[in-house]
Amino acid sequence: MNGPFQYAYDTQLNGFAWIMQPENSTLLHNFNTWMAGTHAAHWLDWFPVKEEVIKGLEQDEKAVTMVDVGGSLGHELLELKKRYPELPGRLVLQDLPETIKGVAETKVFEPAVHDFFTPQPVEGKCILSLFSHSSSSTF
Ligand SMILES: C[S@@+](CC[C@H](N)C(=O)[O-])C[C@H]1O[C@@H](n2cnc3c(N)ncnc32)[C@H](O)[C@@H]1O
């Protein structure tokens with residue numbers, strides 16, 4: 001791969017592979033903080049969660065309700081559960097190991113290392129959320 005990013009940073013890595021390098025951990029921290037803080041119109045302000053999600057859900061606390069794929073530090077799942085504490089089932093946060101390492105301990109969701117270019121390990125009926133992704137499968 002050879003584009004402006006690779007030229008500017010003198011690397012053959014894609015942007016995410018580059019920022020996951022230990023020497024770029026400050027930038028990764030800044031990026032995750034920015035991701036959590038820059039959503040102006042939040043989807044939970046307009047998406048009818050009660051009607052579209054909660055209404056049809058099986059009340060099974062062991063079942064996974066939502067997997068946030070590439071969910072950074074889990075800010076979307078935290079906000080979802082804050083607004084809808086009655087949401088049943090488990091919430092799973094997936095991201096790359098370097099990001100998952102930085103996730104604060106919580107009972108709201110289960111953090112898991114997963115590369116979204118590999119098969120999804122969570123099986124069964126659940127919502128897969130993929131917010132704000134610009135990744136191309138041609139990395
Ligand atoms: C643009 S951020 C979006 C974060 C969050 N979904 C949001 O909308 O606020 C992209 C996220 O995808 C993660 N990511 C990038 N490549 C990934 C991969 N191959 N597998 C899993 N997560 C990945 C990054 O670590 C980052 O947290």
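The protein chain splits into domain 1 (4-36) and domain 2 (43-129), with bounds that come from an automatic or database domain assignment. What you're looking at is a predicted model, where local features need pLDDT of at least 70, side-chain atom pairs count only at pLDDT 80 or more, and totals for chains, interfaces and linings use all residues. Residues are numbered from 1 along each chain as its sequence is written.

How far apart are the centres of the two domains? Taken over C-alpha atoms, 25 Å separate them. The domains do touch: 5 residues from domain 1 and 7 residues from domain 2 take part in the contact. Residues count as in contact if their C-beta atoms, placed from the backbone, lie within 7 Å. On the domain 1 side, here's the split by class:

| Class | Residues of domain 1 touching domain 2 |
|---|---|
| nonpolar (Ala, Val, Leu, Ile, Met, Phe, Trp, Tyr, Cys and Pro) | 4 residues |
| polar (the others, Gly among them) | 1 residue |
| charged (Asp, Glu, Lys and Arg) | no residues |

Now for the sheet. It is open, has 4 strands in the order β3-β2-β1-β4, and pairs them in parallel. Strands (E, at least two residues) and helices (H or I, at least four) are DSSP runs numbered from the N terminus, and two strands pair if DSSP finds at least two bridges between them. β3 (110-113) and β4 (127-129) are at the edges with a single partner strand each, so one side of each lacks a neighbour in the sheet.

Strand β1 (residues 64-69) is joined to the parallel strand β2 (residues 90-95) by 5 bridges. Opposite Arg-90 in β2 you'll find Val-64.

Definitions and conventions:
Contact = placed C-beta atoms within 7 Å.
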